[in-house]
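Work through the exercises below with the sequence and the 3D structure at hand. Try each task before reading its solution.

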Amino acid sequence: MTAVGLRERKKEKTRLALLDAALDLFLEQGYDSTTVDQIAGAADVSPRTFFRYFAVKDQLVFWFHDHGEEVMLETLRSRPADEPPFTSMAHALRAVLRDLEESTSDDTARFLKLRELLEKNPHLVGMSVARGAQTERHLAEEIAARRGVDATDQKTHLIVMFAMATMRVGFECPPEVENLSEIVGRMEQTLELAERSLKPGWDL
């Protein structure tokens with residue numbers, strides 16, 4: 001293994017240690033009561049090291065958004081240029097679902113802890129919605145480019161928001177489900193429902 005490979009593995013290990021420490025502390029003592037110093041201490045690193053990985057504490061709550069956005073954008077860029085935009089979005093969303101299905105047990109635990117954290121902290125849900133809106137803007141920019149229209153095009157944003165809404169419904173309803181495979185299955189079901197709901201001939 002190269003020195004670069006070892007460094008990257010060490011960086012990823014530190015990033016995950018910070019994320020795990022943060023999620024545990026957030027659930028144990030509350031998000032607002034948890035400080036960066038406490039998170040760094042629990043991960044056995046310095047606060048300075050913390051800021052090499054996360055600019056602010058909020059980023060720890062958005063790790064799933066950040067990773068999912070990256071997966072979706074990469075998938076969109078790999079789809080055929082003449083593919084209907086909603087179909088491309090469906091492929092991008094399913095790439096996220098497949099990524100979840102292939103999660104390690106540790107990844108699954110983090111996902112469920114994040115879900116629990118959001119359920120217990122309504123103000124974090126608001127922050128999460130705002131971060132989700134940012135993701136939708138980035139996706140709309142990609143879809144607009146594929147359609148050859150301006151990024152402010154209303155139809156483009158409607159397509160993206162409709163697709164993303166299927167994931168929110170699957171993720172949130174009902175909230176008491178704690179099994180990742182059930183959550184992924186429900187998200188897939190809502191996406192299939194959305195696809196069936198589109199009228200034949202709709203240019204989406």
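**Exercise 1: The largest pocket**

Task: Find how many nonpolar, polar and charged residues are in the lining of the largest pocket, then say which elements supply the lining.

Solution. Step 1: sorted by class, this lining holds 15 nonpolar, five polar and six charged residues. The model used here and below is a predicted one.
Step 1: the lining consists of 26 residues, and those nearest the centre of the pocket are His-65, Ser-128, Arg-168, Phe-171 and Glu-172.
Step 2: two or more lining residues come from each of helix H4 (63–78), helix H5 (85–101), helix H6 (105–120), helix H7 (122–147) and helix H8 (154–172). H7 has the largest share, with seven residues.
Step 3: the space in the largest pocket is about 660 Å³.

**Exercise 2: The second largest pocket**

Task: Describe the second largest pocket by its volume, its lining residues and the helices that supply them.

Solution. Step 1: the volume is about 460 Å³.
Step 1: 20 residues line this pocket, and Glu-12, Arg-15, Trp-63, Phe-64 and His-67 are the closest to its centre.
Step 2: at least two lining residues come from each of helix H1 (3–29), H4, H5 and H6. H4 gives the most, five residues.
Step 3: the classes are eight nonpolar, four polar and eight charged residues.

**Exercise 3: A salt bridge**

Task: Which parts of the chain does the pair Lys-113 and Asp-24 link?

Solution. Step 1: side chains of opposite charge can pair when their charged atoms come close.
Step 1: the side chains of Lys-113 and Asp-24 form a salt bridge, with 2.6 Å from N to O.
Step 2: Lys-113 lies in helix H6 and Asp-24 in helix H1, so distant parts of the chain, 89 residues apart, are linked.
Step 3: the whole structure has 17 salt bridges.

Key:
Residues numbered from 1 in each chain as written. Predicted model: local features only at pLDDT ≥ 70, side-chain atom pairs only at ≥ 80, totals over all residues. Heavy atoms only, no water. 1 Å grid on protein atoms, 1.4 Å probe; cavity = no way out; pocket = protein on both sides within 12 Å on 5 of 7 lines; lining within 4 Å. Points joined across faces, edges and corners; volume = space filled by probe spheres on them. Helix = DSSP H or I, 4+ residues; strand = E, 2+ residues; numbered from the N terminus. Nonpolar A, V, L, I, M, F, W, Y, C, P; charged D, E, K, R; others polar. Salt bridge = Lys/Arg side-chain N within 4 Å of Asp/Glu carboxyl O.
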